[in-house]
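Subject: Handover of a protein–ligand model

Dear colleague,

Please find below the structure that I am handing over to you. My notes on what was found in it follow directly after.

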Amino acid sequence: MSAKIRLYVEHPLGVGQSVPLDKGQAHYLFGVMRQAVGGMVSLFNGRDGEWQAEITQAGKRGGVLTCRDQSAPLRLPPDLWLMFAPIKKARTDFIVEKATEMGAARIVPVMTEFTNSGRVQRDRLQAHAVEAAEQCGGTFVPEVAEPVKFGAVLDGWDPTRQIMFCDEALAGTSSALPPVAGPWAVIIGPEGGFSERERSRLQNADHAHAVSLGPRILRADTAAVAAMTVWQQTLGDW
Ligand code: SAM
C-alpha cells in the first residue's frame with residue numbers, strides 16, 4: 001500500500017537509504033501535512049521507481065526519511081517529446097503540467113516567429129513538471145529543456161524521430177497520424193500559428209507528418225492536450 005503523500009527527491013533511493021529533507025520539504029511534510037516521526041511517505045526521484053519511506057527525523061528546518069521497500073518500479077513513458085511555442089505564463093504552466101500527466105518524455109519550449117510569450121523561466125516550468133508527477137502517481141519526471149529557436153530545432157534534427165506537425169491549416173481535413181513506431185515529437189504553434197516559412201519547412205521535412213486536430217481551431221494549450229491524446233491512443237502507452 002503506497003503512502004498518499006508523494007514527494008520527488010533528488011537523491012538515490014534504495015533499501016535502508018536515508019534521504020535528508022531540505023527546509024521546504026520539511027515545512028511541507030511537518031508543517032502543512034502535519035506528518036511526524038513514524039509516518040510513511042512515497043518517494044520517487046525519476047530513476048529508482050517509488051519507495052515507501054519512514055519519517056525517522058522531523059524538525060522545523062529539515063528531517064530524514066529512511067527507505068523501507070519499493071512500491072513501484074520506474075515506469076518510463078513512451079519516447080514522445082512535446083515541443084510547443086510558449087504562450088502566456090499561466091497557460092504555458094498548464095501545458096507543462098498536462099504534458100507530464102499525459103506521458104511526455106521531454107518538453108521543449110520552441111521560439112517560433114509569432115511566439116509572443118514573456119521570458120520562459122525553465123526552472124519554474126521544471127517545478128511544475130515535478131508537481132504534476134507527484135500528483136499523477138508518475139515515477140518519471142520529464143526534463144523541461146531550455147527554450148530553443150524553431151530553426152535550430154530542425155537544423156540538428158535526428159531523422160529517426162518522427163514529427164507530428166499539428167497544422168491548423170488542415171483543420172477539418174482528415175489528415176491522421178501515420179502508425180509509425182519509434183521516437184516521436186509533437187509540435188504545436190503559438191497563438192498566432194506557424195508562419196508560412198515554418199509551415200513549409202515542416203512540410204518539406206521527410207520525418208514530419210502534418211496532422212489535423214479536428215474541424216475547429218484549438219487554443220495552443222488545448223491543442224497540446226488533444227495532440228498528446230491522439231498520439232497516446234494511436235502509438236502510446238494508453
Ligand atoms: N492563429 C492560428 C489560426 O487562427 O489559424 C491558430 C493557431 S492555434 C491557436 C495554435 C496551434 O495549435 C497551431 O499552430 C497548431 O499547432 C495547433 N492547432 C490548433 N487547432 C488545430 C487544428 N484544428 N488542427 C491542427 N492543429 C491545430
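In which loop is arginine 34 found? Arginine 34 belongs to the loop between helix H1 (23–32) and strand S3 (40–44). Its phi angle is near 55°, which is a positive value in a residue other than glycine. With a relative accessibility of 68%, arginine 34 counts as exposed, because the threshold for that class is over 50%.

Please bear in mind throughout that this is a predicted model, and that the values below are computed from it.

The protein chain as a whole

The protein chain contains six helices and twelve strands. Its C-alpha trace spans about 60 × 35 × 30 Å along the principal axes. The chain has 238 residues, of which 50% count as buried. It exposes about 11,500 Å², and carbon and sulfur atoms supply 53% of that area. Among the contacts in the chain with a separation of 6 or more, 71% are between residues 24 or more positions apart.

The ligand and its surroundings

The ligand is surrounded by 20 residues, and the closest of them are Cys166, Glu168, Glu191, Leu213 and Arg216. Sorted by class, this shell comprises eleven nonpolar, five polar and four charged residues.

A polar backbone atom of cysteine 166 is 2.7 Å from an oxygen atom of the ligand. A backbone N or O atom of glycine 189 also lies 3.0 Å from a ligand oxygen atom. On the side of leucine 213, a polar backbone atom is 2.8 Å from a nitrogen atom of the ligand. Taken alone, the ligand exposes 580 Å², and the protein buries 84% of that area.

Salt bridges

The structure holds 15 salt bridges. One of them joins the side chains of arginine 6 and glutamate 50, with an N to O distance of 2.9 Å. This pair links distant parts of the chain: arginine 6 is in strand S1 (residues 6–8) and glutamate 50 is in strand S4 (residues 50–58), 44 residues apart. Both arginine 6 and glutamate 50 are buried.

A salt bridge is also formed by the side chains of arginine 124 and aspartate 93, again with 2.9 Å from N to O. Because arginine 124 lies in helix H3 (residues 122–136) and aspartate 93 in helix H2, the pair ties together parts that are 31 residues apart in sequence. Arginine 124 has a relative accessible area of 26% and is therefore partly exposed, whereas aspartate 93, with 12%, is buried.

Aspartate 123 is paired in a salt bridge with arginine 122, and the closest N and O atoms are 3.2 Å apart. Aspartate 123 has a relative accessible area of 59%, so this residue is exposed.

Threonine 92 is placed in helix H2, which covers residues 89–101. Is threonine 92 buried or exposed? Its relative accessibility is 5%, and the limit for a buried residue is under 20%, so threonine 92 counts as buried. Leaving out residues up to four places away in sequence, threonine 92 touches Phe84, Pro86, Ile87 and Leu125.

Valine 96 lies in helix H2 as well. At 0% relative accessibility, valine 96 counts as buried. Which residues does valine 96 touch, not counting residues up to four places away in sequence? They are Phe84, Ile107, Leu125, His128, Ala129 and Val144. Valine 96 and valine 148 are 52 residues apart in sequence, and their C-alpha atoms are 16 Å apart in space.

With kind regards

Note on methods: Residues are numbered from 1 along each chain as its sequence is written. This is a predicted model: local features need pLDDT of at least 70, side-chain atom pairs count only at pLDDT 80 or more; totals for chains, interfaces and linings use all residues. Side-chain values use heavy atoms; hydrogens and water are left out. A residue is near a molecule or strand if one of its heavy atoms lies within 4 Å of it. A polar contact is a pair of N or O atoms within 3.5 Å; within protein, one must be able to donate a hydrogen and the other to accept it, and residues adjacent in sequence count only if both atoms are side-chain atoms. Accessible areas come from the Shrake-Rupley method with a 1.4 Å probe; for residues, only the protein chains shown count as cover. Ala, Val, Leu, Ile, Met, Phe, Trp, Tyr, Cys and Pro count as nonpolar, Asp, Glu, Lys and Arg as charged, and the others, Gly among them, as polar. Helices (H or I, at least four residues) and strands (E, at least two) are DSSP runs, numbered from the N terminus. Buried means under 20% relative accessible area, exposed over 50%, partly exposed in between (1.4 Å probe, protein chains only). Contact means heavy atoms within 4.5 Å. A salt bridge is a side-chain nitrogen of Lys or Arg within 4 Å of a carboxyl oxygen of Asp or Glu.
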